[in-house]
Amino acid sequence: MTEQAAIFQSIVEQRRSMRIYDASAPFDTEAVKRSIERAALAPNSSNMQMWEFYHIRDAKMIADIAVFCMSQNAAKTARELVIIAVPKAKYKARAQANFQFHHARYGGVPVSQLDKRSQRKLRYFSHLMRLYYFQDWFGISGYIRKCIVGISSLWRPVVWQVSKQDLRVVCHKSAALAAQTFMLSMTAEGYATCPMEGFDSKKLRKYLGLPRSTEFNMIISCGPGTKEGIYHERFRVPFEEIYFVR
Ligand SMILES: Cc1cc2nc3c(=O)[nH]c(=O)nc-3n(C[C@H](O)[C@H](O)[C@H](O)COP(=O)(O)O)c2cc1C
């Protein structure tokens with residue numbers, strides 16, 4: 001094992017879900033910001049970066065949000081909270097940002113003057129991603145995409161996950177990778193975290209003044225940990241039950 005792998009192993013092993021934080025130990029809010037910056041480097045679907053991070057530092061806001069978290073200890077005793085949101089309505093802006101990045105990389109010349117490969121890359125963001133992410137209220141566009149994919153599947157492999165619900169999964173997968181990056185980073189910074197999905201998302205959305213289209217991936221509480229905040233030793237099913245070599 002390399003030295004880096006050993007360090008990573010110890011970070012992974014140290015991370016536990018913390019339910020009671022230390023109210024008096026020093027806490028560096030900059031470690032949270034640094035960890036969010038690292039989280040934003042997580043791999044994500046088509047680099048659309050369909051995430052937002054709300055760093056809640058204000059004590060009154062933490063107390064209010066803890067109520068939405070069913071007054072769980074992990075939220076009530078938290079020194080700070082990080083809310084990972086999925087701003088679904090921002091897909092056009094994210095596609096445009098990617099388009100601009102790649103267009104600049106290709107020298108900013110008119111798209112028609114680029115080679116076919118570069119044109120395909122740019123069209124991916126100017127057309128395909130916009131079509132892929134477009135949602136109507138009833139999910140009809142998703143059914144249309146499914147039909148197109150179904151027909152295409154007759155002569156080539158296709159990605160079937162194009163419905164409204166599939167796209168939610170796509171976005172939340174990426175956001176969860178950012179969440180885990182954040183938690184491991186906080187562990188490396190010497191602090192504890194607890195991911196939470198047990199909260200009232202509607203009340204939280206209203207409280208933060210976010211649009212209805214914004215979903216929450218999870219809320220992560222953080223702070224200096226305590227011994228009593230780890231409720232029991234770690235339990236995982238036997239590795240042989242989840243590991244398959246084919
Ligand atoms: C998506 C997700 C949601 C979770 N929601 C909660 C929660 O609402 N409250 C809580 O106390 N723990 C929550 N947890 C923590 C899990 O219970 C915990 O990760 C699991 O029991 C394994 O323990 P460990 O994290 O200490 O290894 C959540 C974890 C994940 C990944």
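# Briefing on a predicted model with nine helices and four strands

Phenylalanine 239 lies in the segment after β4, where helices (H or I, at least four residues) and strands (E, at least two) are DSSP runs numbered from the N terminus. This is a predicted model, in which local features need pLDDT of at least 70 and side-chain atom pairs count only at pLDDT 80 or more, while totals for chains, interfaces and linings use all residues. Residues are numbered from 1 along each chain as its sequence is written, and side-chain values use heavy atoms, with hydrogens and water left out.

**Overall architecture**

- The protein has nine helices and four strands, and read along the sequence these follow the pattern α-α-β-α-α-β-α-α-α-α-β-α-β.
- Along its principal axes, the C-alpha trace of the protein spans about 60 × 50 × 40 Å.
- Of the 246 residues in the protein, 41% are buried, where buried means under 20% relative accessible area, exposed means over 50%, and partly exposed lies in between (1.4 Å probe, protein chains only).

**Nonpolar core**

- The largest nonpolar core has 38 residues, and those with the most contacts inside it are Val32, Met48, Tyr133 and Phe182; such a core is a set of buried Ala, Val, Leu, Ile, Met, Phe, Trp, Tyr and Cys residues joined through side-chain atoms within 4.5 Å.
- Two or more residues of this core come from each of α2 (29–39), β2 (80–87), α5 (91–105), α6, α8 (164–188) and β4 (214–223), and α8 gives the most, with nine residues.
- In soluble globular proteins, nonpolar side chains tend to be buried together.

**Salt bridges**

- A search of the whole structure finds nine salt bridges, each being a side-chain nitrogen of Lys or Arg within 4 Å of a carboxyl oxygen of Asp or Glu.
- One of them joins the side chains of glutamate 189 and arginine 34 (2.8 Å, N to O), and the pair links distant parts of the chain, with glutamate 189 in the loop between α8 and β3 (192–196) and arginine 34 in helix α2, 155 residues apart.
- Glutamate 189 is partly exposed, with a relative accessible area of 23%, and arginine 34 also counts as partly exposed, at 31% relative accessibility.
- Asp28, Arg34, Arg38 and Glu189 are linked in a network of salt bridges.
- The side chains of lysine 90 and glutamate 52 meet in a salt bridge (2.4 Å, N to O); because lysine 90 lies in the loop between β2 and α5 and glutamate 52 in strand β1 (residues 52–56), the pair ties together parts that are 38 residues apart in sequence.
- Within that pair, glutamate 52 is buried, with a relative accessible area of 12%, whereas lysine 90 counts as partly exposed, at 36% relative accessibility.
- Glutamate 215 forms a salt bridge with arginine 168, the closest N and O atoms being 2.8 Å apart; glutamate 215 lies in strand β4 and arginine 168 in helix α8, so this pair ties together parts that are 47 residues apart in sequence.
- Glutamate 215 counts as buried at 12% relative accessibility, while arginine 168 counts as partly exposed at 33%.

**Surface patches**

- Phe235, Val237, Phe239, Ile242, Tyr243 and Val245 form a nonpolar patch on the surface, with about 680 Å² of accessible area together, and phenylalanine 239 itself is exposed, with a relative accessible area of 52%.
- Patches are made of residues with over 30% relative accessible area and no salt bridge, like charges being joined within 9 Å and nonpolar side chains (Val, Leu, Ile, Met, Phe, Trp, Tyr) within 5 Å; accessible areas come from the Shrake-Rupley method with a 1.4 Å probe, and for residues only the protein chains shown count as cover.
- Arg105, Lys116, Arg117, Arg120, Lys121 and Arg123 gather in a patch of positive charge on the surface, where Lys and Arg count as positive and Asp and Glu as negative, with His and the chain ends not counted, and where the place of a charge is taken as NZ of Lys, CZ of Arg, CG of Asp or CD of Glu.
- Helix α6 (residues 116–133) gives the most to the positive patch, with five residues; arginine 120 has its place in this helix and is exposed, with a relative accessible area of 53%.

**Exposed positions and distances**

- Lysine 227, in the segment after β4, is exposed, with a relative accessible area of 78%; lysine 227 and valine 158 are 69 residues apart in sequence and 49 Å apart in space, C-alpha to C-alpha.
- Proline 157 lies in the loop between α7 (140–152) and α8 and counts as exposed at 76% relative accessibility; from proline 157 to histidine 102 the separation is 55 residues in sequence and 27 Å in space, C-alpha to C-alpha.
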